[in-house]
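Here is a short briefing on one protein chain. Look over the sequence and the structure before reading on.

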Amino acid sequence: MKAFVRGLIARDNLEMPKIQRKWTWKESAGFGGVTSPPPPPEKGLENLTVADVLLTKDTDGGGGKVDTLISCRTNDTVFDAMAKHNIGSLVVLRPGDQQYIAGIVTERDYMKKIIGAGRSSKVTKVGEVMTDESKLVSVSSGTNIIKAMQLMSENHIRHVPVIDGNIVGMISMVDVVRAIVDHQNGELKRLNQFIKGEYY
């Protein structure tokens, strides 16, 4: 699209307007003109981080905060942990008041280690079927979302805990894809506004 716009401008032998200011008819005619202040800098996709994804998950749509970290303990039964929360992945914490991560339990663990093995989820403890902390794939809040998506794709996982020393949240492939789509939609909107002259 940028090449197309540049081609049109070059054809008419005009200078390419700068994004930071409003290009007016007066300027193209050589009269000077008043410029608008530069717009706030946009975060490029290469600068979008897991922290940005967590911020969008931390609201309930009405401006209120919600808890994005849903967890269970190693000594909970698999039935209680999975049925109670009705989600596909849970961070598993060690027993006690601290937020020390022990691992993660997923639908895949449930299918392979409970149903596939013929075990009862009502008596099996989460600690027996979870993916242990030593095998855990995680990200930090500063991880780029493209890198996070790559990590999930390469390891064939849909959820990763976010750890900054302590556990701070959990993101899913859906969260990352949603953030990328939202960002691309915003870029498309800005380009349309620029083309229509409504950028400011």
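Which residue in the turn between β5 and β6 has a positive phi? The residue is Gly165, with a phi of about 85 degrees. Keep in mind that this is a predicted model. The notes below start with the whole chain, move to the sheet, and end with the hairpin.

**The whole chain**
- The protein chain has eight helices and six strands.
- Along the sequence, these elements follow the pattern α-α-α-β-α-β-β-α-α-β-α-β-β-α.
- The chain has 200 residues, and 32% of them count as buried.
- Take the contacts with a separation of 6 or more: 51% of them are between residues 24 or more positions apart.
- The accessible surface is about 12600 Å². Carbon and sulfur atoms hold 54% of that surface.

- Strands pair in a sheet through backbone hydrogen bonds, in a parallel or antiparallel way.
- Here, four strands form an open sheet with mixed pairing, in the order β1-β2-β3-β4.
- β1 (71-73) and β4 (131-132) are at the edges. Each has a single partner strand, so one side of each lacks a neighbour in the sheet.
- β2 (residues 89-93) and β3 (residues 101-106) are antiparallel and share five bridges.
- Within this pair, Val91 stands opposite Ile104 in β3.

**Helices on the sheet**
- Helix α5 (residues 107-115) packs on the sheet and touches β3 and β4. The direction of α5 makes about 75 degrees with that of β3.
- Helix α4 lies across β1, β2 and β3. α4 runs at about 130 degrees to β2.

**A closer look at Met82**
- Met82 sits in helix α4, which spans residues 78-85.
- Is Met82 buried or exposed? Its relative accessibility is 12%. Buried means under 20%, so Met82 counts as buried.
- Which residues does Met82 contact, leaving aside neighbours within four places in sequence? They are Ile87, Gly88, Leu90, Val105, Thr106, Glu107 and Tyr110.
- Ser71 is eleven residues from Met82 along the chain. Their C-alpha atoms are 9.9 Å apart.

**The β5-β6 hairpin**
- β5 (residues 159-164) and β6 (residues 166-172) run antiparallel. Six bridges join them.
- One residue lies between the two strands of this hairpin.
- Asp164 stands opposite Asn166 in β6.

Notes. Residues are numbered from 1 along each chain as its sequence is written. This is a predicted model: local features need pLDDT of at least 70, side-chain atom pairs count only at pLDDT 80 or more; totals for chains, interfaces and linings use all residues. Side-chain values use heavy atoms; hydrogens and water are left out. Buried means under 20% relative accessible area, exposed over 50%, partly exposed in between (1.4 Å probe, protein chains only). Contact means heavy atoms within 4.5 Å. Two strands pair if DSSP finds at least two bridges between them. Accessible areas come from the Shrake-Rupley method with a 1.4 Å probe; for residues, only the protein chains shown count as cover. Axes are lines fitted to C-alpha atoms, for helices over the stretch in contact, and angles run from 0 to 180 degrees between N-to-C directions.
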